[in-house]
Amino acid sequence: MKDLNNDYKTLRKNLINQFEQNGLSSLSQTEILSLLRSYASKTEFTENSHKLCRQFSSLNSVFDADSRVLINNLGLDEKSAVLLKLIPYISRMRSLDSHKINRISSSNEAENFFASLFIGAVREKLAVVCVDNSMKIISHRFLTEGSGSSLNVSLADIAEFAVACNCYGIFIAHNHVSADTTPSANDISTTKVLCSDLQKLGILLIDHLITGSSSACSMRRLCGDTAFGAPAPVKYKIN
């Protein structure tokens, strides 16, 4: 009878040696997935890694996939799916720590902040960041998450959070799962309505960011003040 345990140990050891001696670039995408999955499963991790690479166009697509798809449609065990889903979340934490931003003073800083914040998001989500009048971050929170590519935004929830933080102004951001950061007509109309509602409460909508898989776009920079009905504060530079 074939000793599957020895096969597993040999393949895993070979991949580890190759990685340690020649770096990650020496491994194919299938080999990287196989090495990752070897820490969660002792059987069939190579065959499933080939299946994953055939199904998805890149490693990022695998990491961004819904865990239910990985388990129910592609036959991964729960440990492997959880391990793969941890990768983008750990990447997001590292990115936020290495690009620590306590104050958002420009559209460029806003784009960097929200691009990092949304790493690993597989469904549309909405984030709100509250700042004081020096543009220092008071608090931030994900307020809602959609199913797939749709998002139901509650403007009342956004306003309630902003009032509770007793803030000067807010940034809002949401992601497009298509990776296209171009604002839709609905994005622009929602921005105008929210800006008007917040003004009545004495709160400024500073910017609305749209993120893709690895980047973000400032609507202030792209669309100008007309999308907001009010100019950006002097301390927020559009660049």
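Guide: A charge sits over a ring if NZ of Lys or CZ of Arg is within 6 Å of the ring centre and within 35 degrees of the ring normal. Bear in mind that this is a predicted model.

Visitor: Which ring does Lys-125 lie over?
Guide: Lys-125 lies over the face of Phe-142, 4.1 Å from the ring centre. Arg-220 is placed over the face of Phe-228, at 4.0 Å from the ring centre.

Visitor: What describes a pair of aromatic rings?
Guide: The distance of the centres and the angle of the planes describe such a pair. Searching the whole structure gives four aromatic pairs. For Phe-113 and Phe-114, the centres are 5.1 Å apart and the planes stand at 90 degrees, so this pair is edge-to-face.

Visitor: Are Phe-113 and Phe-114 buried or exposed?
Guide: Phe-113 has 7% relative accessibility and counts as buried; Phe-114, at 0%, is buried too. The cut-off for buried is under 20%.

Visitor: How is the pair of Phe-114 and Phe-171 arranged?
Guide: That pair is tilted, with 6.5 Å from centre to centre and 45 degrees between the planes. It links distant parts of the chain: Phe-114 belongs to helix H7 (residues 107–117) and Phe-171 to strand S3 (residues 169–175), 57 residues apart. Phe-171 is buried, as is Phe-114.

Visitor: Which residues do ring pairs link into a cluster?
Guide: The cluster consists of Phe-113, Phe-114, Phe-171 and Tyr-236.

Technical notes:
Residues are numbered from 1 along each chain as its sequence is written. This is a predicted model: local features need pLDDT of at least 70, side-chain atom pairs count only at pLDDT 80 or more; totals for chains, interfaces and linings use all residues. Side-chain values use heavy atoms; hydrogens and water are left out. Rings of Phe, Tyr and Trp (its six-membered ring) pair if their centres lie within 6.5 Å; planes under 30 degrees apart count as stacked, over 60 as edge-to-face and the rest as tilted. Buried means under 20% relative accessible area, exposed over 50%, partly exposed in between (1.4 Å probe, protein chains only). Helices (H or I, at least four residues) and strands (E, at least two) are DSSP runs, numbered from the N terminus.
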